[in-house]
Amino acid sequence: MKSITPTIAFCIATIALPATAAVEECMVDTWIADMRDIADMMALQMQGTATPVNGEVSMQIAADGRFTLLADDMIINVQVPNVPPMDVKVVGYSAGLLDAADNTFMAAVNDYNLVGSADVLGQMMEIPFSSDTGLGGGGIGWFECAGDTLRFEATVGGATDINRMPRLWRRR
């Protein structure tokens, strides 16, 4: 009978190793999201129409998979039924770990601080976002990195979910 002690020690050592991720070399850089794509995401979330006005959303991706998504004074004009048009401003960041290879990705967010605000009928309102439902909340799906273009298609429960990750990015 063989001793199982070395096998147990190997398993414990493997479990204790820190989780790492990696991304394809093409993804390592700073990317700027297509603001029309962001507006389409917000229109869907708010069940109306949306037009980009100002600002940008950038994402820095490192070779080890760490990423930071930054909303820099992003303003989207949103129109929903029975409410005057409003400018929704989003600032903040989302950060986590991205594992991407062979056209599939998994993004896990461990720090989420995106905040939206809008003047609605003369009242300044804060719009809650969370990593479960909002922009840059991570997810799984497929990606394509070619030259200066990066595309994502995130899914939740097997169905496409455009609210998870902006779909079109251009290299800065």
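Predicted model: local features only at pLDDT ≥ 70, side-chain atom pairs only at ≥ 80, totals over all residues.
Residues are numbered from 1 along each chain as its sequence is written, and side-chain values use heavy atoms, with hydrogens and water left out.

Begin with the protein chain in a cartoon view, where the secondary structure comes to two helices and 10 strands (DSSP runs, with helices being H or I of at least four residues and strands E of at least two, numbered from the N terminus). Followed from the N terminus, the elements run α-β-α-β-β-β-β-β-β-β-β-β.

Of its 172 residues, 40% count as buried, meaning under 20% relative accessible area, with exposed over 50% and partly exposed in between (1.4 Å probe, protein chains only).

Now select C26 and C145, which form a disulfide with their sulfur atoms 2.0 Å apart (a pair of cysteine sulfur atoms within 2.5 Å). C26 lies in the loop between α1 (5-16) and β1 (29-33) and C145 in strand β7 (residues 139-146), so the pair ties together parts 119 residues apart in sequence. The structure holds one disulfide, and the link of C26 and C145 is left-handed, with -80° about the S-S bond.

Finally, colour the two cysteines by accessibility: C26 is partly exposed at 25% relative accessibility, whereas C145 is buried, at 17%.
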